[in-house]
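I set out to record the aromatic contacts of this model. A pair of aromatic rings is described by the distance of the centres and the angle of the planes.

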Amino acid sequence: MKNISNFWHHFQQNNFVFLLLNEIPQEELKTHFDKLIEVLHKYNKDLDLIIKNKKNGAELIITANGNPYLFKEVELLVRHAPLVERWKITAFLQPEMNIEKYENGTDKPLKYYGITLRISEMYFIPLENPNKPTDLGIKVLLKNYIVHKDNPRLREAVYIHIEHLIGEKSFANDLTFIEINQLTAELLEDDCIIELYYLKFFIDTLER
């Protein structure tokens with residue numbers, strides 16, 4: 001409990017820095033962010049945090065990076081979060097509710113260790129495990145898979161996209177296995193192929 005209290009005390013004392021992201025020099029901001037991560041890791045070294053700035057405030061997301069064994073640690077930490085003016089404190093990455101930018105193709109690409117991917121350009125095909133019919137797997141199709149297939153960070157980059165898209169809990173609990181392959185012109189004409197941004201809707205439909 002001491003480390004939980006220390007983390008929230010530190011955040012309360014320094015939260016204003018993160019509200020002023022665009023007004024503070026990057027080096028100073030990095031120093032504050034690194035210190036916040038350091039205090040978080042005294043509670044649990046495998047947790048992480050994301051800060052999203054919004055018009056009238058900001059959001060602090062505590063994440064387990066998709067590791068279900070750490071979900072209780074996240075929930076405990078957030079349960080003890082104090083009320084901090086202009087801040088929303090959230091446990092886990094939440095599903096992306098606004099998919100309009102993906103449908104319009106106006107989403108920004110995510111760059112990760114030399115890999116550039118856009119959700120609007122990614123597709124998936126549902127996969128079944130004959131031995132476990134309730135397990136859901138997907139084959140993710142990328143138009144630039146051939147370019148990045150030898151990059152050891154490719155799977156990690158795809159996982160991050162999916163986690164941000166469908167939410168951390170769904171990523172951990174609803175998907176049993178993920179394959180990655182090249183998107184081809186022939187596959188685009190296949191009825192089985194689905195835009196990746198519809199994945200959460202697809203999962204929710206299966207659960208009904």
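The entries below concern aromatic rings and their surroundings.

Entry 1, basis. I worked on a predicted model, in which local features need pLDDT of at least 70 and side-chain atom pairs count only at pLDDT 80 or more, while totals for chains, interfaces and linings use all residues. Residues are numbered from 1 along each chain as its sequence is written, and side-chain values use heavy atoms, with hydrogens and water left out.

I searched the whole structure and found 10 aromatic pairs. Rings of Phe, Tyr and Trp (its six-membered ring) pair if their centres lie within 6.5 Å; planes under 30 degrees apart are stacked, over 60 edge-to-face and the rest tilted.

F18 lies in helix 1 (residues 2–19) and F33 in helix 2 (residues 26–43), 15 residues apart. Helices are DSSP runs (H or I, at least four residues), numbered from the N terminus. F18 is buried because its relative accessibility is 2%, whereas F33, at 29%, is partly exposed. Buried means under 20% relative accessible area, exposed over 50%, partly exposed in between (1.4 Å probe, protein chains only).

I recorded another edge-to-face pair, 5.5 Å centre to centre and 65° between the planes. Y159 belongs to helix 6 (residues 154–166) and F171 to helix 7 (residues 168–174), 12 residues apart.

I listed F7, W8, F11 and W87 as one aromatic cluster.

Conventions. Helices (H or I, at least four residues) and strands (E, at least two) are DSSP runs, numbered from the N terminus.
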